[in-house]
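Here is a short briefing on one protein model. Look at the sequence and structure first, then read the points below.

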Amino acid sequence: EVYFKNLSKQKQKEVMEKNGNNHKLRVCVATCNRADYSKLAPIMFGIKAEPQFFELDVVVLGSHLIDDYGNTYRMIEQDDFDIHTRLHTIVRGEDEAAMVESVGLALVKLPDVLNRLKPDIMIVHGDRFDALALATSAALMNIRILHIEGGEVSGTIDDSIRHAITKLAHYHVCCTRSAEQHLIAMCEDHDRILLAGCPSYDKLLSAKNKDYMSIISMWLGEDVKTRDYIVALQHPVTTDIKHSIKMFELTLDALISFNKRTLVLFPNVDAGDKEMVRVMRKKGIEHHPNFRAVKHVPFDQFIQLVAHAGCMIGNSSCGVREVGAFGTPVINLGTRQTGRETGENVLHVRDADTQDKILHALQLQFGKQYPCSKIYGDGNAVPRILKFLKSIDLKEPLQKKFCFPPVKDNISQDIDHILETQSALAVDLGGTNLRVAIVSMKGEIVKKYTQLNPKTYEDRLALILKMCVEAASEAVNVNCRILGVGISTGGRVNPREGIVLHSTKLIQEWSSVDLRTPISDALHLPVWVDNDGNCAALAERKFGHGKGIENFVTLITGTGIGGGIVHQHELIHGSSFCAAELGHIVVSLDGPECLCGSQGCIEAYASGIALQREAKKLHDDDLLLVEGMSMKEEEIVSAAHLIQAAKLGNTKAESILRTAGTALGLGVVNILHTVNPSLVILSGVLANHYVNAVKDVINRQALSSVKTVDVVVSNLADPALLGAASLVLDYTTRRIY
């Protein structure tokens, strides 16, 4: 531990030497409202605690400086931060134009401040319109930007603003794995993305205020008990103001009917906020004995209030993010947080025409206690962020780079391209055949070419290029526009680089092979490469039984045994691209030898090669053929002969197939106990022969909680080619891969 700490200090020293001897990183943190300060404050405390590395400048603007919203700049002063600049940037108004004017006013005032401060980096949080003004100003003034909470998905205009800030920012701190993947899909540089978790969780998970009853009494009254009150926080939805105000009215009606003590916080500064305040006053909320209406609650106290509430209701991101850390029930109203990752404590009410639906949700949620959720953080975000800041080399070029997929030539858009059918070139490298197909967006195989797979690397690559060039030329004649090339191949593949790392024994001279570069150079098209098992899973996700399924596994039963795992709609590759080698799950310690060199693998029992081996043994002992079967002298014994013999009553063949089915079933049980999918798809020529055996083993051997899994046979005629095509079609149509 001491060694690694010293190593970390040495690296930080080297970065400081690169940035100039003893140069401290000058960090400007700009905060716009109470919500973003709750996320930025932990980082600010961390920066302030390390004066040998950082200089901190604090800029306050937006609703912090408005009396109607509680003059929340005071809590920054109470936290003992020196505010360098206060900027009044909010233009009063009740429509979208006021938000635009506020952005404009901030853009007018910020350049002078940034010229005086000259920060090395500016930290910007979230998705508010004020933050967009900050990011725009910093980007145009060549100041590096660190964006907190990019890559997330929610409703309203916030999504567009958040992603716009992402494109302006040079560095990104995200809270969840999905957000990280979204940033990568948006072509951001993976090396400049930090998966740290939400900074506010550092405070949430360490909040152990034993005197929470005094806080509850102060805000809600001395007669209120824990888990017996509601916290309500609802904001206008700027893309549908009228509907959001109507839903706020229904919420208040439901809360009045529910008859529990309720703390109502005033909404954010957004178009429609004044109208929501008028609704509160029209219904007498500020004078109702069951309600306490407040403009602001200090974050430390707000944590305690939501942690011990019977329920939180509204459409604030706090409800779907921070409150999950305490397991407090949440009712999320409307579309403002659509797309956010949530814990099981959140009940969504997407739309409501009357108060009844909201009232019913209150009856379902109030007083429950859910497991605590750590989707958005583990309490260690700030140390990671500080370490990330220390690693920034100010001598690196300021101009940010985007990581686009490789494309050689850009074709101008014209009417002919629009009228063409968008398609992919799909390549399937099997042990015997090499196939190339033109596949349409709907999964239709428009044209297919098949050749024997050459034995040497040079001949194989030359044939791939020749067949792809011919298919690309033919695509013009069938009115197809080729968007890219997808390649499905056996073996271990690095899909990021397009390299076959290690091949199976079925394909000779096929290790450490760069497929992307020569094919992309020859065709001037982007190229994607993946393992054939992963491609089969992608085919099911786009065209087959896996469409719309969040978690499923595909097993290929053919010459070998392979597969792919889709978890939370995403394909799992693993740290060394070796995930989902399902054929090499060991089901017996002393089983037959597998081609991988191990013993007792599923593939050694249930693959076509394994069945062919057993069929040959029976044939050599004259135990294979039964009445109704015949073979020519030159005919090679295959798995098909074993299956035919079993169907005709050969008990030896039946026993071999039963053992193979049991081995495959045990492998599936292991998969169910490891990744817990909701669906298992059997693909390949042997799938129909194994499906019942697999179901029987699951019923006998699996835990009761996974026995309900669906096991189905794939209905795709050509999963390898369709999967290779989906590598292209998913990416070029903006689906994440």
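Leaving aside neighbours within four places in sequence, which residues is Ile-313 in contact with? They are Ile-230, Val-231, Ala-232, Leu-233, Thr-251, Leu-255, Ile-331, Leu-333, Ile-358 and Leu-362. Contact means heavy atoms within 4.5 Å.

This is a predicted model: local features need pLDDT of at least 70, side-chain atom pairs count only at pLDDT 80 or more, and totals for chains, interfaces and linings use all residues. Residues are numbered from 1 along each chain as its sequence is written, and side-chain values use heavy atoms, leaving out hydrogens and water.

**Nonpolar cores**
- A nonpolar core is a set of buried Ala, Val, Leu, Ile, Met, Phe, Trp, Tyr and Cys residues joined through side-chain atoms within 4.5 Å.
- Buried means under 20% relative accessible area, exposed over 50%, and partly exposed in between (1.4 Å probe, protein chains only).
- The largest core has 61 residues, and Ile-313 and Leu-362 have the most contacts inside it.
- Helix H10 (residues 241–258) gives this core its largest share, 9 residues.
- A second, separate core has 43 residues, including Ala-615 and Val-709.

**Helix H11**
- Helices (H or I, at least four residues) and strands (E, at least two) are DSSP runs, numbered from the N terminus.
- In H11 (residues 273–282), Asp-273, Met-276, Val-277, Val-279 and Met-280 are buried.
- Their cover includes H10, strand S9 (261–265) and strand S10 (291–294).

**Asp-532**
- The unreviewed UniProt entry annotates Asp-532 as "active site"; such annotations may be inferred rather than shown by experiment.
- Asp-532 lies in helix H19 (residues 532–543).
- Asp-532 has 28% relative accessibility, so it counts as partly exposed.
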